[in-house]
Amino acid sequence: MSVGVAALAQVAIPFTWLGAVLGISFLEAPLKFRAPGITVALGLGIGRLVFRALNVAELVLAAALTAAVLTGARDIGADLATLVLIMLWVLLAVQVAALRPRLNARTRLILAGVTPPRSHLHLAYITLEAVKVVLLPLLGVLLALRVAA
């Protein structure tokens with residue numbers, strides 16, 4: 001049995017995306033503030049750059065995965081894999097369009113020496129990242145089963 005590029009992409013992309021989220025959100029982000037010489041201002045500046053790059057990479061991966069699913073699927077209906085892919089797009093859209101701009105505004109205030117009022121924005125962002133960590137391997141398995149069928 002020959003495995004096409006779209007089928008291979010359907011299986012590989014969710015796990016690649018998962019690795020990026022785990023590596024940046026749950027490894028790099030918390031550890032950078034523990035490195036010697038990293039101030040809060042420096043850590044926030046690095047974080048803005050890194051998360052901007054992560055979000056761009058996620059958008060590219062989501063688009064490539066969607067294209068692979070549309071190209072390689074026999075039946076794209078209201079199945080669980082399609083629902084999970086839609087949920088991932090929604091999570092990513094909320095992070096990029098709603099949370100990141102507000103987090104960036106807070107960062108600018110902090111970098112300017114202003115102490116903004118308490119906020120749960122980081123907790124919301126982290127919660128969405130945790131949901132992605134559950135949904136991405138689920139999607140990878142569902143798509144692998146779909147490809148194998």
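A residue counts as buried under 20% relative accessible area, as exposed over 50%, and as partly exposed in between (1.4 Å probe, protein chains only). The structure is a predicted model, in which local features need pLDDT of at least 70 and side-chain atom pairs count only at pLDDT 80 or more, while totals for chains, interfaces and linings use all residues. Residues are numbered from 1 along each chain as its sequence is written, and side-chain values use heavy atoms, with hydrogens and water left out.

The chain contains four helices and zero strands. Helices (H or I, at least four residues) and strands (E, at least two) are DSSP runs, numbered from the N terminus. In sequence order the pattern reads α-α-α-α. The C-alpha trace spans about 60 × 30 × 20 Å along its principal axes. Of the 149 residues in the chain, 35% are buried. Contact here means heavy atoms within 4.5 Å. Among contacts with a separation of 6 or more, 79% join residues 24 or more positions apart.

The largest pocket has a volume of about 460 Å³. Its lining comprises 19 residues, and Ala29, Lys32, Phe51, Leu103 and His122 are the closest to its centre. The search uses a 1 Å grid over the protein atoms alone. A pocket is an open set of points with protein on both sides within 12 Å along at least five of seven lines, whereas a cavity is a set where a 1.4 Å probe fits but cannot get out. Lining residues have an atom within 4 Å of a point. Grid points are joined across faces, edges and corners, and the volume is the space filled by probe spheres set on the points. At least two lining residues come from each of α1 (5-32), α2 (40-72), α3 (80-111) and α4 (121-148). By class, the lining holds nine nonpolar, six polar and four charged residues. Ala, Val, Leu, Ile, Met, Phe, Trp, Tyr, Cys and Pro count as nonpolar, Asp, Glu, Lys and Arg as charged, and the others, Gly among them, as polar.

One aromatic pair is found in the whole structure. The ring centres of Phe51 and Tyr125 lie 5.7 Å apart and the planes meet at 85°, so the pair is edge-to-face. Rings of Phe, Tyr and Trp (its six-membered ring) pair if their centres lie within 6.5 Å; planes under 30 degrees apart count as stacked, over 60 as edge-to-face and the rest as tilted. The pair links distant parts of the chain, with Phe51 in helix α2 and Tyr125 in helix α4, 74 residues apart. Both Phe51 and Tyr125 are buried.

Tyr125 is also one of the contacts of Gln95. Gln95 belongs to helix α3. Its relative accessibility is 0%, so Gln95 counts as buried. Beyond neighbours within four places in sequence, Gln95 contacts Arg100, Pro101, Tyr125, Leu128, Glu129 and Lys132. The side chains of Gln95 and Lys132 make a polar contact (2.6 Å). A polar contact is a pair of N or O atoms within 3.5 Å; within protein, one must be able to donate a hydrogen and the other to accept it, and residues adjacent in sequence count only if both atoms are side-chain atoms.

Pro116 sits in the loop between α3 and α4. Its relative accessibility is 12%, so Pro116 counts as buried. Residues up to four places away in sequence aside, Pro116 touches Arg106, Leu109 and Ile110. The C-alpha atoms of Pro116 and Arg106 are separated by 6.7 Å, at 10 residues apart along the chain.

Two further residue pairs were examined. Ala64 lies in helix α2 and, at 32% relative accessibility, counts as partly exposed. Ala64 and Arg108 are 44 residues apart in sequence and 33 Å apart C-alpha to C-alpha. Gln10, in helix α1, counts as buried at 1% relative accessibility. Gln10 and Leu44 are 34 residues apart in sequence and 34 Å apart C-alpha to C-alpha.
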